[in-house]
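Student: Before I plan any reading around this protein, could we go through its structure together, one question at a time?

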Amino acid sequence: MNNYSGDSIGEIWLIPFFGQGHLLPTMELCKHIASRNFIASLVISSDLSSTIPSSLRQYPRIQVLEIPQPPPPPPSSDPFHHLFGNHSHMEQAIQHFLSSRSISTLPLCAIVDVMMSWTAQIFNRFQIPIIGFFTSGACSAAMELALFKSPILHLNPGDVRLIPGLPENMAITASDLKRRPHGPGHGPPPSRSGGAEPPPPPTADRQSKIGPRKFGGPPKPGDHPPWLKETGDWIAIMINTCDVIEGPFIEYLTNQIEKPVWGVGPLLPEQYWKSGGGSIVHDHESRTNRRSTTISEEEVITWLDSKPRGSTLYVSFGSEVGPTMEEYPRLADALEASNRPFIWVIQPGAGRSGPPRATQAQDGEGYNADGLDKRVGERGLIIRGWAPQLLILSHGSTGGFLSHCGWNSSIEAIGRGVPILAWPIRGDQYYNAGLIIKHLKVGFMICDDVSQEITKDDIVNGIHKLLGDEEVRKRAGIVGGQVGEGFPLSSMASLDAFKDFIITNKTNYILD
């Protein structure tokens with residue numbers, strides 16, 4: 001562990017949630033915090049240590065505080081154990097870290113992922129101010145809050161309902177209220193011809209432990225935002241976004257919560273911004289890849305170089321969610337029938353039900369598109385496992401992205417001017433899709449009713465619509481140019497405002 005006390009203003013702790021989608025932006029935030037003369041301490045479980053690039057540990061004023069792994073739990077049939085079973089161990093470890101320090105060496109504040117809000121009781125005990133950190137976007141948080149304050153539980157087809165305080169283009173329609181019933185522990189969504197009802201969601205007890213935002217099923221308009229009650233513990237909020245992408249939504253949250261809300265992103269690697277939007281970003285330069293893959297970056301570049309500019313569809317659903325086992329073969333058939341070049345990333349265990357990261361996929365489990373490689377030949381590139389997503393999205397041959405609209409994937413594509421074909425699966429992905437399609441106008445929905453099973457025709461039609469629409473491509477290029485030319489000035493200003501806020505807070509604390 002490094003310690004850069006020196007002439008720094010003081011130390012700030014950053015507490016990420018599990019998973020790369022939370023850890024990666026938190027690591028980038030550490031760099032921005034450290035560059036403003038703070039010591040940025042990333043507090044993680046030691047089992048995440050191998051995912052931290054060595055370059056981060058060498059970064060001036062960044063240190064990694066590792067919490068030792070607890071002893072292995074007894075055999076448990078509860079697949080959610082890994083998500084909340086070690087809270088007590090982490091709580092004891094964090095408390096031990098803080099108890100061993102004098103008051104003058106305690107962190108000035110803790111920046112806490114909203115999925116780790118249970119740590120508030122520890123920091124409150126030591127009178128350490130807390131800043132809530134959304135690794136997702138401002139639109140999803142604003143929509144959750146707005147629809148909680150003014151619930152819209154039913155609309156007839158053709159009806160449109162404006163949301164007070166938010167842009168008119170985010171008005172709610174009947175299709176916006178529909179959600180896929182499938183998810184962790186659920187069966188597939190109903191078919192267009194009907195079908196059995198899905199099994200019930202997790203119990204209320206489990207839901208309260210793991211939080212509905214990510215793992216208890218998709219939020220519905222009128223639901224209480226799972227993070228809302230936590231804002232009373234926070235002195236401010238940071239969001240992984242910027243004014244160009246989500247200005248009206250940042251403003252809405254600021255007005256509603258009546259605390260500082262700072263857009264401090266997109267929190268993407270330095271290489272992403274240094275490339276200036278016009279050159280290829282190499283993932284290996286900024287992201288440690290500990291996952292298996294079937295291809296190298298060089299092979300991906302060679303394949304993309306052989307395709308016409310803007311011709312290729314990139315298909316990826318991230319590592320935690322995706323279509324059902326029934327929908328994956330339809331996707332394969334659609335990619336074959338579309339006659340378009342494509343890169344398809346298939347994760348281990350694709351299509352399996354169950355909570356993310358509960359078990360490692362065994363060989364042969366999940367969908368793997370056997371035989372598609374031979375049928376499409378050089379027109380398709382199928383990657384099993386990890387893929388260099390930044391590289392693919394920054395290559396000129398990539399013309400569209402079929403995505404679940406996870407926030408990191410969304411902002412990576414938006415910043416590179418790549419139009420998006422939205423296939424949301426759960427949670428904030430629905431609101432991210434709305435932002436992309438309605439507000440930014442840089443994509444299309446995979447079909448009119450994503451609460452039903454997606455068909456082959458839906459996918460084929462969506463692909464042709466996305467890759468064939470010149471206006472959406474131009475619009476995506478304009479927005480990408482506004483975002484991707486360098487780390488946003490509005491986010492730089494927000495980080496400077498954060499610094500001033502903490503210094504003022506520190507002075508007031510000393511005077512008190």
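Tutor: What follows is a set of questions and answers on a predicted model.

Student: How many helices and strands does the protein chain hold, and what share of its residues count as buried?

Tutor: The model is predicted, and its secondary structure comes to 18 helices and 15 strands. Among contacts between residues at least 6 apart in sequence, 73% join residues at least 24 apart. Of the 512 residues in the protein chain, the share that counts as buried is 56%.

Student: Is helix α15 largely enclosed or largely open, and how many of its residues are buried?

Tutor: Helix α15 covers residues 429-439, and its buried residues are Q429, Y430, Y431, N432, A433, G434, L435, I436 and H439. The elements that cover these buried residues include α6, α8, α14, β14, β15 and α17. Helix α15 is therefore largely enclosed by the rest of the structure, the number of its buried residues being 9 of 11.

Student: Are α14 and α15 roughly parallel or roughly antiparallel to each other?

Tutor: Helix α14 takes in residues 407-415, and its axis runs 10 Å from that of α15, at an angle of about 15°. Angles under 35 degrees count as roughly parallel, whereas those over 145 count as roughly antiparallel. The two helices, α14 and α15, are therefore roughly parallel.

Student: Which residues of α15 are met by α14, and what is the class make-up of that contact?

Tutor: From the side of α14, the residues in this contact are W407, S410 and I414, and on the side of α15 they meet N432, L435 and I436. The crossing of the pair is left-handed. By class, the contact of α14 with α15 has 4 nonpolar, 2 polar and no charged residues.

Student: Is L435 buried or exposed, and what is its relative accessibility?

Tutor: L435 is found in helix α15, and, leaving aside neighbours within four places in sequence, L435 is in contact with C139, M170, I245, E246, F249, W407, L440 and K441. In space L435 also lies 9.7 Å from G137, C-alpha to C-alpha, although the two are 298 residues apart in sequence. Since buried means under 20% relative accessible area, L435 counts as buried, with a relative accessibility of 0%.

Student: Is α6 oblique or roughly parallel to α8?

Tutor: The axes of α6 and α8 are 9 Å apart, and the helices pack at an angle of about 50°. An angle under 35 degrees would count as roughly parallel, and 65 to 115 as roughly perpendicular. At its own angle, α6 is therefore, relative to α8, oblique.

Student: Which residues of α8 meet α6, and how many of the residues in this contact are charged?

Tutor: A138, C139, A141, A142, L145, A146 and K149 in α6 meet, in α8, the residues E246, F249, I250, Y252, L253, Q256 and I257. By class, 11 of the residues in the contact of α6 with α8 are nonpolar and 1 is polar, while the number of charged residues is 2.

Student: What is the distance between the C-alpha atoms of L145 and Y252?

Tutor: L145 has its place in helix α6, residues 138-149, and counts as buried at 2% relative accessibility. Not counting residues up to four places away in sequence, L145 touches P225, W227, L228, Y252, L253, Q256 and I257. Although L145 and Y252 are 107 residues apart along the chain, their C-alpha atoms are separated by 9.6 Å.

Student: Where does E258 lie, and is E258 buried or exposed?

Tutor: Most residues other than glycine have a negative phi. E258, however, has a positive phi of about 60° although it is not a glycine, and E258 lies in the loop between α8 and β9. With exposed meaning over 50% relative accessible area, E258, at 68% relative accessibility, counts as exposed.

Student: Which peptide bond is cis, with omega near 0°?

Tutor: Most peptide bonds are trans. The loop between β9 and α9 holds P266, and the cis bond, with omega near 0°, is the one from G265 to P266.

Terms used. Residues numbered from 1 in each chain as written. Predicted model: local features only at pLDDT ≥ 70, side-chain atom pairs only at ≥ 80, totals over all residues. Heavy atoms only, no water. Axes fitted to C-alpha atoms, helices over the stretch in contact; angles between N-to-C directions. Helix = DSSP H or I, 4+ residues; strand = E, 2+ residues; numbered from the N terminus. Left-handed = near helix turned anticlockwise from the far one by under 90°. Contact = heavy atoms within 4.5 Å. Nonpolar A, V, L, I, M, F, W, Y, C, P; charged D, E, K, R; others polar. Buried < 20%, exposed > 50% of the residue type's maximum accessible area, 1.4 Å probe, protein only.
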